[in-house]
Structure formats: C-alpha cells, structure tokens
Amino acid sequence: MSWGTELWDQFDNLEKHTQWGIDVLEKYIKFVKERTEIEISYAKQLRNLSKKYQPKKNSKEEEEYKYTSCKAFLATLNEMNDYAGQHEVISENMTSRITADLTRCVQELKQERKSHFHDGRKSQQHIETFWKQLEASKRRFERDCKEADRAQQYFEKMDADINVTKADVEKARQQAQIRHQMAEDSKLEYSSILQKFNHEQHEHYHTHIPNIFQKIQEMEERRIVRIGECMKIYAEVDRQVIPIIGKCLDGITKAAESIDQKNDSQLVIEAFKSGFEPPGDIDFEDFTQPMKRTVSETSLSNSRGDGKSEPKFGGKSKGKLWPFIKKNKGGGPEDFSNLPPEQRRKKLQQKVDELNKDIQKEMDQRDALTKMKDVYIKNPQMGDAASVDHKLAELGQNIEKLRLEAQKFEGWLAEVEGRLPVRTEQTRRQSEMYETQNTSAVNNCAQDRESPDGSYTEEQSQESEMKVPVTDFDDEFDDEEPLPTIGTCKALYTFEGQNEGTISVAEGEMLYVIEEDKGDGWTRIRRNEDEEGYVPTSYVEVYLDKNAKGDGNQRQSYSASG
C-alpha cells in the first residue's frame, strides 16, 4: 500500500488532503489551549473561593475556628486550595507537553509538505517540458512528410508533362529529394525525442512521483501518530493528578470524620461559662399587708446599707442575678474585672502567654545583638561594637517593661485562681463600687417589667434594690489581723498602682514590707493602717529585719517619723 503507486495521478487531491490534516492538528492544538485556559480559570476561581472563606486574622472569625466543625471546614478550604493547584498542574503539563510540542510539529510539517509538493511540481513541469518537445517534433515530422509527398507529386507531374523542360523536371526532382530528406531527418528527431520522453515519463511515474508521494505519505502518517500520542498524553496528564486529587478528597473526608460534637459542646461551655451559681428562689412579698415589705436576700434590692456586699468570684453568689445584668459595651478595664471569673481567668492567661512570647522575642533579638557585638569586639574591621549598644539598651528597657507588665497580669491571674488573697479596705471599697454599678444595671432591667395590673411603677422599681448576703468569706477578712511588718523598703521608682490590689508609691519613699516576693515578682507593702498593697519587686529596695516578729505598731511609728 503506497500512495506513489496507488495514487500516482492524485497530486492535487493529496495536496488538499495533507492541508486538511495540518488543519486538524491546528484545531486540536486550539482545543487543548482552551482546555488549559479553563483549567487555569477554574483553579483561580477555586483559590479565590478558598481565600474568600478563610478566617480573617485577629477577628472574631478566627476565634470560631477552635471548634472541630470549623477546623474541618478550614481543612476543606486548604484541601481545595491544593485541589486547585492540581488543575494548575494539568494546565502547565498540557501546555508544555502538548500545545508547545504540537505547535513545533505543525511548523515542521508545513515546511516538509511545502518541500515535497515543490519537488512534485518540479517533476511535473519537467515531464511537461519533454511532452511539449515531443509534440513539436511530431508536428514537424508530420509537416515535413506532407511537404515531401507534395514535392514528390509535383515531380511526377512535371516528369509526365512533355511540355516541361528537362531543367524544370530536374529542379522538381531535386526539390522532392530535399523534402524527403527533411522528412527523414524529422522522423529521426521525432523518434529520438519520443524515446527520451518515454524514458522520462517512466522515471516520472515509476520513480520520482512514487518517491515524493511516499515521503508525503510518511509525513501524513507521522502527523496521525503524533496526534494520537498527544491524545494519550492528554489523558495521562489528567490521570497523573488523580492520586493527589484523591488525597485532597481523602483529607476532606478525614477532616469531616474528625468533627466531635461533644468536644464542640465542651468548648461552648469553656467559652461562655461564668463561674457563678444560678440565682436562688425569690421570696414572696405580700403587698396586701399594710406593713413595710421585708427585703429578701434574693429580691431586686440595692445593698446600700450593707457596706460589706461585694462581688464574689469564688462561687458564693447565690443572690446575684447575673443573667439580667447588662453587659458593658465599652473596652473594659485592663484587668478584665468586668468579666465573669472563668472568662477573666482565660483572658488573663491569654494575656500572660502573649507577653511571655513578646519577652522571648525581645530576648532572642538581644542575644543576637550580643553575639554580633562580640564578633565586632574580636574583629573590629567587621563593625563598630559601640553601634549596637543603643539598641541593646533599648531592648533591655523593652524586656523590663514587658516583664513588669507580665508580672502585673500574673498577679491578677493569681488572685483569680485564689493564690493571692488580696482584700484590703481599698479593694473592698472598689468592689462595693463595682457592686453598685451592677445592681444599677439590674434596676434598669427591672424598670422595663411591669406587673399585670400595672402597679409595678418606676418609683417602686427604684425602691426595690438588690441586696447581696454577707458570706463567710467577708467575715474571714473582717476578723483578719493585720500582717506584721518583716522589714522596710525604699521605692527606687515611682509606681502608679491603678489596678486592684496594688498601691502607688513615690520615688524615694520609705514603706513597710509585710510580705516577701513569692517568686511572682510582687512584694506586699504597707504605708499605714489603711493603705497596703502590692508593688513590683524590681521597683523597691527591700531591707528585711532579722527579727521578723517585732512590734508592728512600733515600726509604724518609725515609718511615720521616717
């Protein structure tokens, strides 16, 4: 089966067919290009979709991703991002292995096809030239033969005519001979050209054209094979990413299976648990009796007459109606004292962890600069050691500030966790103010409610006040003896004690020490009978008395005179 022998006379059709074959190849290239564009667009849309639903940093959404269902959704988003990456791989591989390769192949085929058909046309022109020569020699031979016949007939006519002179007859005879010779020469030329043409024609149809058509056939078959190979690559490129896409889908399945409803329920408890006991029963108040209403422990009445009422974060707060108290919409105090105990502990612990991370970061920078300074000292040509002193000093100050800040929050955390039983008169007064604010909020809520008969007026609402019962916890501190002094201290720096449990001191001030630093960075001091609290240990210079059990009153006199 060869185009050279079977299609020897189909030059024009082969030219059209091979052009159609190249058009098919170009059409397939265009198809693959559009597929790669779809893959890129799809991957881009998947990435944008994944990015759109990613939690924003430092936002409320980020806090929600502690729940297993949200973690699974986040894992799904990450897997979809990887899934999109595989579609980008499909696009890249199809572009490099199919589109680019076939584009080069098309250019080569066009050049090769042009060369082959150029040779075919050249061979056709060559045989056509010989054909024209043959036709010309044939016509010439035919003409010379006719001229020779006419010259012979004329000679015979002249020879038969008695009236014609002998000279005319001889002239006619010579003319006939010349014509016969010319015809003979034309015959020989025609015969030679015919023989040569037949040889060239045989070479054309049995050698040149078959060779050219065979090359065209091989070229066309290579094109067919190449497009088939590219179709296999097309499928292979898709198949190569199937395992990774399968892993992405397995990751989504695994994330879904990791969802734990019980764990999420526990996280809700940890997130919103206040640490308070539910409110107790409200006593019945009989308004039919013309007597002063008895104020119950759990009624909505303010405890203005009882100065010992204060918010108890330890659990003995059965008189509190926390569910009805309006939340403070402001930024809140620095020590998170506006939050319920459990939430306050979590916030303080989070703040301490953040500060410790910042301290470690600053210390790492300081260590790096210290090493750099040592290198500069050993090799002065590398740099000036004094150039890092300012930065080291600045880092030292930052570390000290962060440590003081951490110690402050650790003190509050310890108080919440019950490690520091700080209960001075100052803190008690602050607690009473806090209680009054909370009860005011309860009263505001109560004003919005009316009895069915409308008798629950604003005046009655103001009259009904919250009363918090005095617990054993209060009595412990009421009867507590003041701690004895164990030494004195001198304030090295001014400290503004703005938080509960702390005390403000001025630089150079002498005060009494009543409790040493327990390792948390705070020392408990006293100025007089009514003023005591904690200050950072690094802010004071302590002089402990060897006789720690001395007379506290005598030391107070010393402090006053000092």
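Reader: Which residues are linked in a network of salt bridges?

Author: In this predicted model, the network of salt bridges links Asp101, Arg104, Arg226 and Glu229. A search of the whole structure finds 24 salt bridges.

Reader: Why is the meeting of the side chains of Arg97 and Glu236 called a salt bridge?

Author: The term requires a side-chain nitrogen of Lys or Arg within 4 Å of a carboxyl oxygen of Asp or Glu. For Arg97 and Glu236 the N to O distance is 3.7 Å, and because this lies within 4 Å, the pair qualifies as a salt bridge. Arg97 belongs to helix H4 (residues 68–160) and Glu236 to helix H5 (residues 166–257), so the pair ties together parts that are 139 residues apart in sequence.

Reader: What makes Arg140 and Glu189 a salt bridge?

Author: The closest N and O atoms of Arg140 and Glu189 are 2.5 Å apart, and the pair therefore meets the requirement of lying within 4 Å. Arg140 sits in helix H4 and Glu189 in helix H5, so this pair ties together parts that are 49 residues apart in sequence.

Reader: Is Arg140 buried, partly exposed or exposed, and what is its relative accessible area?

Author: Buried is used for a relative accessible area under 20%, exposed for one over 50%, and partly exposed for what lies in between. Arg140 has a value of 27%, so it is partly exposed.

Reader: What is the state of Glu532 and Arg524, buried or exposed?

Author: Glu532 and Arg524 are both buried. Their side chains meet in a salt bridge with an N to O distance of 2.8 Å, which means that the pair lies within the 4 Å cut-off.

Reader: What makes strand E3 count as mostly covered?

Author: Strand E3 (residues 522–526) has 5 of its 5 residues buried. Trp522, Arg524 and Arg526 point one way from E3, while Thr523 and Ile525 point the other way, and all of them are buried. In a regular strand the side chains alternate between the two faces of the sheet.

Reader: Why are E3 and E4 called paired, and how many bridges join them?

Author: At least two bridges between two strands are needed for a pairing. E3 and E4 run antiparallel and are joined by 5 bridges, so they count as paired. Within this pairing Arg524 stands opposite Tyr534 in E4, and a hairpin through 5 residues joins E3 to E4. Strand E2 (residues 510–515) pairs with E3 in the antiparallel sense over 3 bridges, and the bridge partner of Val513 in E3 is Ile525. E2 and E3 form a hairpin with 6 residues between them, and Gly519 in the turn has a positive phi of about 100°.

Reader: What makes E4 and E5 the edge strands, and in what order do the strands form the sheet?

Author: The 5 strands form an open sheet in the order E4-E3-E2-E1-E5, with antiparallel pairing. Strand E4 (532–536) and strand E5 (540–544) each pair on one side only, and they are the edge strands. Strand E1 (residues 487–491) pairs with E5 in the antiparallel sense over 5 bridges, with Tyr543 in E5 as the bridge partner of Thr488.

Reader: Why is the pair of Phe409 and Trp412 called edge-to-face?

Author: Ring centres must lie within 6.5 Å for a pair, and planes over 60 degrees apart count as edge-to-face. The ring centres of Phe409 and Trp412 are 5.1 Å apart and their planes stand at 90°, so the pair is edge-to-face. Both residues lie in helix H8 (residues 389–416), 3 residues apart, about one turn of the helix. Phe409 is buried with 1% relative accessible area, and Trp412 is buried with 2%.

Reader: What is the angle between the planes of Tyr28 and Phe31, and why is this aromatic pair called tilted?

Author: The planes of Tyr28 and Phe31 are 40° apart, with 5.8 Å centre to centre. Because angles under 30 degrees count as stacked and those over 60 as edge-to-face, this angle leaves the pair as tilted. Tyr28 and Phe31 both lie in helix H2, 3 residues apart. Tyr28 counts as buried at 11% relative accessibility, whereas Phe31 is partly exposed at 41%.

Technical notes: Residues are numbered from 1 along each chain as its sequence is written. This is a predicted model: local features need pLDDT of at least 70, side-chain atom pairs count only at pLDDT 80 or more; totals for chains, interfaces and linings use all residues. Side-chain values use heavy atoms; hydrogens and water are left out. Helices (H or I, at least four residues) and strands (E, at least two) are DSSP runs, numbered from the N terminus. Buried means under 20% relative accessible area, exposed over 50%, partly exposed in between (1.4 Å probe, protein chains only). Rings of Phe, Tyr and Trp (its six-membered ring) pair if their centres lie within 6.5 Å; planes under 30 degrees apart count as stacked, over 60 as edge-to-face and the rest as tilted.
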